[in-house]
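Here are some notes on the model you sent. Please read them with the structure open.

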Amino acid sequence: MKELLKDEYDDYLDSFNKKSYKGLRVNTNKININDFLNIFPFELKPIPWTSDGFYYEDDEVSKHPLFYAGAYYIQEPSAMLPGELLPIEENDLVLDACAAPGGKSLKILNKLNNTGILLSNDISASRANALLRNIERQGYSNYFVSVSDLKDLEKKYPKTFDKILLDAPCSGEGMFRKEPSLIKSWQEKGNDYYSDIQKELIVSALNMLKDGGCLLYSTCTFDKKEDEDIIEYALNKFDDLKVLPIKIYEGFKQGKNNLGVKLFPHLIEGEGHYACLIQKGETIKEDSHKELINKPDLDFLKLINKDFYNGEFKIINDNLYFVPFFDTKGIRILRSGLLLGEIKKNSFKPAQSLAMSLNKDEFRNIINLNYNDAIRYLKGETLYTNIENNDYYLICYNYLPLGFSKTNNKQIKNLIDKGWIKR
Ligand SMILES: C[S@@+](CC[C@H](N)C(=O)[O-])C[C@H]1O[C@@H](n2cnc3c(N)ncnc32)[C@H](O)[C@@H]1O
């Protein structure tokens with residue numbers, strides 16, 4: 001670090017005595033930024049390099065009903081940069097190659113705006129489970145979660161994706177302040193261990209990128225062996241790559257030889273990151289089409305006013321899914337698309353993930369709760385209403401869905417997934 005930072009080395013060391021910064025990113029698929037700022041009860045300050053990220057201080061932020069409504073995701077501020085930089089367009093087919101626990105996948109899904117497909121992958125099954133929960137909580141339907149070594153995906157998907165995010169495993173030098181336990185792992189493994197892995201990963205990822213596609217490579221570490229050297233390695237290996245310019249915000253540093261940007265904790269309000277955007281060949285974007293898919297003939301689904309496109313409804317082990325058209329044969333898939341609910345004999349039990357994927361206009365009946373009742377609902381309590389009608393209702397807070405319920409003789413039978421809040 002001394003070699004890299006020269007005169008700034010003492011400032012860098014000093015930054016370890018300062019607090020780490022906490023950030024949240026608004027889920028713009030659910031709520032626009034102005035509406036969010038109008039209802040959010042805690043103080044926020046914009047994160048300059050994002051369109052939807054804010055600093056916060058209050059620990060209650062992660063316990064508020066709006067968090068459980070998927071209105072925002074908690075993410076380290078500098079880790080918001082890669083998702084911001086990858087130029088996702090609607091209808092893109094996107095791979096998040098090393099995705100768990102998923103903060104960057106959520107940003108990609110926001111940018112896709114309910115179009116296209118995201119394949120969100122991680123080699124670790126336990127981490128991929130956390131990834132799936134995060135995606136479900138934020139309520140998307142156009143995604144697959146796979147558990148694969150990138151090398152195996154590479155065989156299945158040559159030149160397939162329009163955009164790829166490779167947020168590579170790294171020695172985590174930008175995490176030392178927030179998670180000091182990583183220092184020990186750095187001492188054990190060092191930079192070379194990761195550098196070898198990253199070289200393999202970037203080659204696999206680039207082989208899966210379509211001509212004209214873009215790849216964003218990022219790490220939360222500073223050593224050039226894991227950052228600029230990996231880009232140089234890729235540039236030498238492929239003859240049709242170019243590094244694209246990145247906007248320099250206050251405190252950002254250009255990477256060595258202008259390869260990407262570096263965020264350091266003594267220069268920006270965040271922990272630190274490296275990001276570099278690469279384009280392969282020239283852009284050729286095929287026209288996309290939107291094929292409307294009919295919902296199965298189930299009474300419950302008639303309450304839903306949401307259109308489903310470019311996929312099919314599938315029943316797997318008594319569960320009903322909406323699965324976007326995308327070939328995943330031979331890949332270990334943890335989740336294909338949206339889980340709508342369980343079909344047992346003639347009854348349908350709607351899933352929590354279905355509730356999270358809807359907006360207030362997409363379900364026939366809604367009940368909008370105040371703060372205290374929203375907290376009681378999230379705790380699984382039964383509530384009361386003067387609604388006479390016995391039917392399914394989508395329970396909302398600030399018109400954002402929290403889960404389903406069934407009214408019965410003025411009682412609101414709570415159908416929230418019991419494990420949902422604890423998970
Ligand atoms: C830096 S973390 C990703 C963080 C994530 N992008 C986010 O924003 O939440 C790197 C991830 O790469 C995964 N990984 C490591 N080797 C891999 C491989 N060969 N193929 C796929 N994933 C891999 C790790 O399990 C880890 O979850």
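1. Begin with Lys290 and Tyr309: the charged end of Lys290 sits over the ring of Tyr309, 4.3 Å from the ring centre. A second contact of this kind involves Lys199, whose charged end lies over the ring of Tyr233 at 5.4 Å from its centre. Keep in mind that this is a predicted model.

2. Aromatic pairs come next; the whole structure holds 29 of them. In one, the ring centres of Trp49 and Phe252 are 5.5 Å apart, and their planes meet at 55°, so the pair is tilted.

3. Phe363 and Phe404 make another tilted pair, with 5.3 Å from centre to centre and 55° between the planes. This pair also links distant parts of the chain, 41 residues apart: Phe363 belongs to the loop between helix H11 (352-357) and strand E21 (366-369), Phe404 to strand E24 (residues 400-408). Phe363 has a relative accessibility of 2%, so it counts as buried. Phe404 is likewise buried, at 2%.

4. One aromatic cluster is made up of Phe36, Phe40, Phe42, Phe67, Tyr68 and Tyr72.

5. Where does the largest pocket lie? Domain 1 (22-75) and domain 2 (78-357) both contribute residues to its lining, so the pocket lies between them. Its space amounts to about 1,300 Å³. The lining has 46 residues, and Ala100, Pro101, Arg127, Asp167 and Cys220 are the closest to the centre. Helix H9 (181-207) is among the elements that supply at least two lining residues; H9 gives the most, with 7 residues. By class, the lining of the largest pocket has 21 nonpolar, 12 polar and 13 charged residues.

6. The second largest pocket contains about 1,000 Å³ of space. Of its 43 lining residues, Asn91, Asn114, Thr115, Gly116 and Asn142 are the closest to its centre. Strand E15 (308-309), strand E17 (319-324), H11 and E24 each supply at least two residues of this lining. The lining of the second largest pocket divides into 15 nonpolar, 16 polar and 12 charged residues.

Definitions and conventions:
Residues are numbered from 1 along each chain as its sequence is written. This is a predicted model: local features need pLDDT of at least 70, side-chain atom pairs count only at pLDDT 80 or more; totals for chains, interfaces and linings use all residues. Side-chain values use heavy atoms; hydrogens and water are left out. Rings of Phe, Tyr and Trp (its six-membered ring) pair if their centres lie within 6.5 Å; planes under 30 degrees apart count as stacked, over 60 as edge-to-face and the rest as tilted. Helices (H or I, at least four residues) and strands (E, at least two) are DSSP runs, numbered from the N terminus. Buried means under 20% relative accessible area, exposed over 50%, partly exposed in between (1.4 Å probe, protein chains only). A charge sits over a ring if NZ of Lys or CZ of Arg is within 6 Å of the ring centre and within 35 degrees of the ring normal. On a 1 Å grid over the protein atoms alone, a cavity is a set of points where a 1.4 Å probe fits but cannot get out, and a pocket is an open set with protein on both sides within 12 Å along at least five of seven lines; lining residues have an atom within 4 Å of a point. Grid points are joined across faces, edges and corners, and a volume is the space filled by probe spheres set on the points. Ala, Val, Leu, Ile, Met, Phe, Trp, Tyr, Cys and Pro count as nonpolar, Asp, Glu, Lys and Arg as charged, and the others, Gly among them, as polar. Domain bounds come from an automatic or database domain assignment.
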